[in-house]
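Open the model in your viewer and get ready to select residues by number. We will go from stop to stop.

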Amino acid sequence: MAILKIARMGHPVLLARADEVTDPTAPEMQRLIVDMAETLADAGGIGLAAPQVHVPLRLFLWRDGPALRVLFNPAIAPLGPETEASWEGCLSIPGLRGRVDRPARVAWSGLDERGEPVSGEAQGLPARVLQHENDHLDGVLYLSRMKDLTQLGFTEELARLAESRT
Ligand code: NI
């Protein structure tokens, strides 16, 4: 097991379209999952995409309630026209938070760590995490999804502001 180095904004790997994984059960993929899980736990995040650890492949880890799940070659599609705005952060953009409007419900599918097809529906935070992580596989960062940059700030400042309001 190893804690991997996280690519930060400015690194080209975060702006490229990642490639499909041919065999999720390959030993190097299994090792990558373990290392990504350790890296995510160490960073205290709720999702991590392979390009964020300099691996340009289509897989990510995401927290689904208490479970940490892995999805290879995912497909994410909005369910209905409803959107929801909420705060997001990114391990590749440390210290910042932005409010992003995204589809409120999504259908997701892909392959799990055994290479078996899996699918489901998500709403709320899991739906947001799935979309955020899937964007990483297409070289898209949440900042590009923001239409109002007044809704972007340093976590520290936003916390101070929230504190002064209560
Ligand atoms: Ni991110």
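Start with Glu121, which is exposed, with a relative accessible area of 57%. Remember that you are looking at a predicted model. Arg105 is partly exposed, at 32% relative accessibility.

Next, select Asp138 and Arg17. They form a salt bridge too, with the closest N and O atoms 3.8 Å apart. Asp138 lies in the loop between H2 and helix H3, and Arg17 in the segment before helix H1, so the pair ties together parts 121 residues apart in sequence.

Move to helix H4 (residues 155-165). Glu156 and Arg160 both lie there, 4 residues apart, about one turn of the helix. They form a salt bridge as well. Glu156 is exposed, while Arg160 is partly exposed.

Now the metal. Which residues coordinate the nickel ion? Select Cys90, His132 and His136: their SG, NE2 and NE2 atoms coordinate the nickel ion at 2.1 to 2.2 Å. Cys90 lies in strand S4 and His132 in helix H2, so this pair ties together parts 42 residues apart in sequence. Are Cys90 and His132 buried or exposed? Both are buried.

Last stop: the aromatic pair. A search of the whole structure finds 1. Select Trp62 and Trp108. Their ring centres are 5.2 Å apart and their planes stand at 75°, so the pair is edge-to-face. Both Trp62 and Trp108 are buried.

Technical notes. Residues numbered from 1 in each chain as written. Predicted model: local features only at pLDDT ≥ 70, side-chain atom pairs only at ≥ 80, totals over all residues. Heavy atoms only, no water. Donors = N, O, S within 2.8 Å, 3.2 Å for Na, K, Ca; no water. Helix = DSSP H or I, 4+ residues; strand = E, 2+ residues; numbered from the N terminus. Buried < 20%, exposed > 50% of the residue type's maximum accessible area, 1.4 Å probe, protein only. Phe/Tyr/Trp six-rings, centres within 6.5 Å; stacked < 30°, edge-to-face > 60°. Salt bridge = Lys/Arg side-chain N within 4 Å of Asp/Glu carboxyl O.
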